[in-house]
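Subject: Structure for your files

Hello,

Here is the structure, with the sequence alongside. My notes follow below it.

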Amino acid sequence: MGLASIGTASEGMQLCIFDLRRGQHEGQELDKILFFFPADLPFSTQLSVIGLSEGLITFTRIFSPEAACEVIEAERHSHVFYEAEPDIWMVMVVEKSKELEAIWRIDALREVLKEIHSLFMMFHGSIRALLDKEPSGELTRAHLYPFIMDYLRACQKRSPLDECCWDFLVGKKLQLPSFRDCLKERRTVQMLTVGREAAIEVQTLVRVLELCAGNTPCSSLILFQDLLVSTTLSPEDTINLFTYAVLRLTPHALSSGASSWSYLRKGNSSSHVATVSTLAPSGSVSEQFYGSRDTSPAGDNRYRITRPLQHDKWFKGKDGFLSTDIWGMDAGSLNVTTPTVWLRQTEERMYLCAYQYRSLTLILLIPFSSILNGEQGVSIVKQQLLENILCPPIEPFALVVSACLDCKASLKILKVEEKLSKGWGGENAYHVSGYRYLLVDGNREISRASPPAKVTTLTKESLLALNRLREEVDSEKSRAKWDNPGHDKDLEVCIRAKNNAWAIARITGGKELYMVLEKANETLLYASDAVEKFSNRYCSGAFSLD
C-alpha cells in the first residue's frame, strides 16, 4: 500500500544520470550516459530521453541561468530533474496514468533522486571525482549501476502495515511513492523525544565514549529502535547516516539469522565472509548495463566495487559490535575490512563502527586520517571500546582507575537504554487521538507523523485531497524561493474534500503542519479551532529534548 506500481517498459518510467560535459562530439554521444534504467532499452531510446532532457535544461537556462528546470509536465509524461552536481543531472521520466494509485507529488519523486545521490556520495564520494579519477567513465558506471539497483531494493516491509520502508523494484514493476505517502516526508529524521534527565544521561554517555577512544576525535549517532536520540554530525550527514542505519543497522533492519561472529575472533569465518563484488568493465558492466557496448580501457583491469545497500550483510556478534563483509577482507588476515563513509560537511572519510545493546544502536565515526596503521588501529579502538562497555573485572591495582572509567561507560549504556525503554510508548507513542498529521521542522530536517497503521484508516478521497494540497504548497514554496536563508513566511490553507473531510496545511516559523480531519464535518471554524488546539499543545515541543 502507498505505492504506485508501473511497468518498467519504455512507456512506463526511465531513470537516468548523465554528464553534460561529456559526449559533445559526433559519435561520442553515448559517453555522457552514466546510468540508465531500464538498462535493456535500445541506445537510440536512451539517447532520445537524455537528448530531450539536455534540450530542456539548455532552454530553461536561458530564462533562469542559476536554476534550470525542476519539472516539465507534458501531455503524457512528467520529467523530474535534479542537478546532483555541477553539470551532472539525474532525470526521472514518469508516464502519467489514469489509475488512482499512480498519483504522486513531483517533490516526492525529486526527493528520491536526492536520496540516491546523497547515499551514493556518502559511500563513494562525488560522481565528478570518480570521473576525474577514471575519465572513460567505466569506473563511475561500475559503481552507479549496482548501487542504484540495490537502492531500488533497499527496504523490506516488516509487516503489511509498515509503510516506512519498501522495495521500489518488485520483479519487473517499479513502485513509486503515491498519494498515500502524503503524510510522510523523505530525507528527514524521526527523533525520540526524551525527558531532561534522560537527555543528560545520553549526553554523558556520548562524552564518555568519546573519551574511550583516547586522543582520536570521533563523531557519533545514537538511535533507539528506529528513532534518533543524539547526533554530533551536521544535518545533512545526520540524514544520510540515519537513513542508512534504519535500512541496515538498527535491530529491525538486521538479518533475522543470529550470528556469533566477531571481528576480534580469528579462524574459519568462511560462512560469514563473502568477496566484494568485482565487476569487469570490459565484460559484465558493459554487457549487463549497456548491452554489447564496450568503452572500457584496454587490458583486463577489474574494479573492486562495494555494495553497501545489499540485503542481509550486517550481523551482530556476541560482543555487541555489528560486522559486515561488504567491504571485503583485510589483506593478510581473516578479519573483514572496516566500513568507511564520506562526510559532506568536512569532506572527510570516516571509519564506521556500530555497537548495539538491546534497542540501542551506537554509531561511532572515526577519522580515516587519524588511524595511522589502518585496520590494526581500528581494531585497537574497537577493543578499547569493547573493554569499556563490557566492564572487565578489576584485578591489578594499577587498573583500578581505568576500570572505574570502564564501569562508568558500561553503567551509562545500561542506564540510558533502561530510561529510554521505560519512557518509550511504542509505535503509537506520539499518536494524537482524532488527528492524522505530518509535522516537519525544515530548519533541522526533522519530521514526525501519525503511525502508518493510523494513516491507513483515512479514505482515498482524504489522502488525494491532502496530496493535491501539498502540491500547491510545494509550488508556492518554489515560486517564493522559501529555501533561501532568512526567508520567513506564514501560510495556512484549508480545503474541503469530496467526502467532506478537511485537508489543512499550516506553515509558520520554519515548521510545516499537514493534517486531515475526517470528523470535522461542521464548519471551517471547527476545523481551524482543531488545528489551533493541536498546534498549541503539540507542535511547539514536538521535537524538543527537554
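Strand β17 gives the most to the lining of the largest cavity, with three residues. Strands here are DSSP runs of E of at least two residues, and helices are runs of H or I of at least four, numbered from the N terminus. This is a predicted model, in which local features need pLDDT of at least 70 and side-chain atom pairs count only at pLDDT 80 or more, while totals for chains, interfaces and linings use all residues. Residues are numbered from 1 along each chain as its sequence is written, and side-chain values use heavy atoms, with hydrogens and water left out.

On the cavities: a cavity is a set of points on a 1 Å grid over the protein atoms alone where a 1.4 Å probe fits but cannot get out, and lining residues have an atom within 4 Å of a point. Grid points are joined across faces, edges and corners, and a volume is the space filled by probe spheres set on the points. There are three cavities of 30 Å³ or more, and the largest holds about 60 Å³. Its lining consists of L205, L209, I222, Y355, Y357, L360, T361, L362 and I413. At least two lining residues come from each of α5 (196-212), β16 (348-357) and β17 (360-367). Eight of the lining residues are nonpolar, one is polar and none is charged (nonpolar: Ala, Val, Leu, Ile, Met, Phe, Trp, Tyr, Cys and Pro; charged: Asp, Glu, Lys and Arg; polar: the others, Gly among them).

The second largest pocket has a volume of about 640 Å³; a pocket is an open set with protein on both sides within 12 Å along at least five of seven lines. Of the 24 residues lining this pocket, F123, H124, G125, W342 and R349 lie nearest its centre. Two or more lining residues come from each of α2, α3 (127-133), α4 (138-152) and β15 (340-343). The lining divides into 11 nonpolar, eight polar and five charged residues.

Helix α2 (residues 106-124) also meets helix α6 (residues 235-249): their axes come within 10 Å and cross at roughly 90°. The contact (heavy atoms within 4.5 Å) involves E115, S118, L119, M122 and F123 of α2 and E236, N240, L241, T243 and Y244 of α6. Five of these residues are nonpolar, three polar and two charged. T243, in helix α6, counts as buried at 12% relative accessibility (buried being under 20% relative accessible area with a 1.4 Å probe, protein chains only). Leaving aside neighbours within four places in sequence, T243 is in contact with E115 and L119.

Regards

Notes: Axes are lines fitted to C-alpha atoms, for helices over the stretch in contact, and angles run from 0 to 180 degrees between N-to-C directions. Buried means under 20% relative accessible area, exposed over 50%, partly exposed in between (1.4 Å probe, protein chains only).
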